[in-house]
Amino acid sequence: MSGQVATDANRASSSDAPRVAPAALAAFVKRALEAAGLSSENADIVAGLMVEADLRGSDTHGVIRLPLYLRRLKAGGIKARADIRIVEERPATALVDGDNGMGHLVMRFAAMTAIAKAKQAGIGWVGARMSNHAGPAALYAMMPLAHDMIGLYLAVGSNNHLPPWGSTENLLGTNPIAIAIPSEEEAPVVLDMAPTVAAFGKVRLKMQRGEAMPVGWMIGRDGKPLTDPKRAEEGLLLPIGDYKGYGLSLLVGLLAGTLNQAAFGREVIDFVKEPGKAANTGHAVVALSVDAFAPAALFKRQVDAAVRAMRGAHLASRRTKSSQAARPYAARYSGAQAVARQPRGGGARPRHRAARLTRGGARARRSHRHRPLGPGVRVSPAERGLRSRGL
């Protein structure tokens, strides 16, 4: 393939991409993993999960990751023949050491362990350390569904692209959380989300396709919107819900990483830039037996009813709405920052007074021109004067 043809192929939209039958794709992935040292059985498991990710629409976390996995296997960053085992165990909990094996194998083992424990104790919480990137979170949250169980999955991202609130140092990842709830006739209710507006895998996909990122995914360190995915390493991912997204990423990291003695914060290895290093990725998977709370058949019918109620809810009128993601980041950030930071003099500001700062009134708008854009926000002299008067 010529360079120009390859470029054109990368720029093609997903609708223009060639289609491959799932079985043929899984067979190809399996052969590639076997060539990299995985056993036939384990290569088959990983290939199946990777293709399932694509079929579910998580194409940023599926087969597209195969070249990266192969590079890490070749460089020694992932162990092809790992000894995945339980190192700590109680009736409803376990800690799995993945021995630096393929993340898909570690988390499948962890999920099966959680399900077995939930059958006995009603709940199984299994943490994992010394693991690796395992694909989309939903894969493992959904495994308990077949057993009339609710699934929960948490993980530490495989690189850091999110700063703590008010900082410009990337210390957090797109630490995902997924929850899956069984149903009777409707599709199960599955949430799979990152605490950032977009996962970094989506940024990489935009880069591969030669597409610009939407405004609201990332900002540069100058606080201005960043839409060129080739410059992504220079920028910062934006959290969902401003400081709330940062809080979610922090807590998921502590539960999936620190609790399991896995990497977190500055300990996280960028699995793309350092293919030869063990990542010590941390995860957690929870299986919760519905029967421990209510008859599973009754609960699933109630979930069906809730899904149908959501689907049948009255639609909003068709009117032009401004997109919050398209607003200048400083205009969104500054109001939340005013509430998040306490006055230097100490003491909690009354909630009604804090609200006055965040309504976007004239005082708040005037203060924007005194602030640098982006996470490194400083309070303007005018706003400090307002705060000193308790306003």
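Trainee: Before we start, what should I know about the numbering and the model?
Mentor: Residues are numbered from 1 along each chain as its sequence is written. This is a predicted model, where local features need pLDDT of at least 70, side-chain atom pairs count only at pLDDT 80 or more, totals for chains, interfaces and linings use all residues, and side-chain values use heavy atoms, with hydrogens and water left out.

Trainee: How many helices and strands does the protein chain have?
Mentor: Helices (H or I, at least four residues) and strands (E, at least two) are DSSP runs, numbered from the N terminus. Going by that, the protein chain has 13 helices and ten strands.

Trainee: What share of the residues of the protein chain counts as buried?
Mentor: Buried means under 20% relative accessible area, exposed means over 50%, and partly exposed is in between (1.4 Å probe, protein chains only). The chain has 391 residues, and the buried share is 46%.

Trainee: In what order do the seven strands of the open sheet come?
Mentor: Two strands pair if DSSP finds at least two bridges between them. The pairing in this open sheet is mixed, and the order is E1-E2-E3-E10-E4-E5-E6.

Trainee: Starting at E1, which residue is the bridge partner of isoleucine 86 in E2?
Mentor: E1 and E2 run antiparallel, joined by five bridges, and they form a hairpin with two residues between them. E2 is mostly covered, with four of its five residues buried. The partner of isoleucine 86 there is valine 96.

Trainee: Moving on to E3, which residue there stands opposite aspartate 97?
Mentor: E2 and E3 pair in the parallel sense over five bridges. Opposite aspartate 97 you'll find arginine 129.

Trainee: And which residue in E10 stands opposite valine 126?
Mentor: Strand E3 (residues 123–131) pairs with strand E10 (residues 281–289) in the antiparallel sense, over seven bridges. Opposite valine 126 is valine 285.

Trainee: What angle does the direction of helix H5 make with that of E3?
Mentor: Axes are lines fitted to C-alpha atoms, for helices over the stretch in contact, and angles run from 0 to 180 degrees between N-to-C directions; contact means heavy atoms within 4.5 Å. Helix H5 (residues 103–121) packs on the sheet and touches E1, E2, E3, E4 and E10. Its direction and that of E3 make about 160°.

Trainee: What about helix H8 and E4?
Mentor: Helix H8 (residues 243–256) also packs on the sheet, touching E3, E4, E5, E6 and E10. The angle between the directions of H8 and E4 is about 100°.

Trainee: At the other end, which residue in E6 is the bridge partner of isoleucine 179?
Mentor: E4 and E5 run antiparallel with four bridges, and E5 and E6 run antiparallel with five. For isoleucine 179, the partner in E6 is leucine 191.

Trainee: Is threonine 174 buried or exposed?
Mentor: Threonine 174 sits in the loop between strand E4 (149–155) and strand E5 (177–181). Leaving aside neighbours within four places in sequence, its contacts include Asn159, Phe200 and Leu237. Its relative accessibility is 16%, so threonine 174 counts as buried.

Trainee: How does arginine 204 count at 24% relative accessibility?
Mentor: Arginine 204 lies in helix H7. Not counting residues up to four places away in sequence, arginine 204 touches Arg65, Asn159 and Val272. At that accessibility, arginine 204 counts as partly exposed.

Trainee: What is the volume of the second largest pocket?
Mentor: On a 1 Å grid over the protein atoms alone, a pocket is an open set of points where a 1.4 Å probe fits, with protein on both sides within 12 Å along at least five of seven lines. Grid points are joined across faces, edges and corners, and a volume is the space filled by probe spheres set on the points. For this pocket that gives about 540 Å³.

Trainee: Which residues lie nearest its centre?
Mentor: Lining residues have an atom within 4 Å of a point, and this pocket has 35 of them. E4, E6, helix H7 (200–209) and E10 each supply at least two. Nearest the centre are His61, Pro136, Pro176, Asp192 and Ala199.
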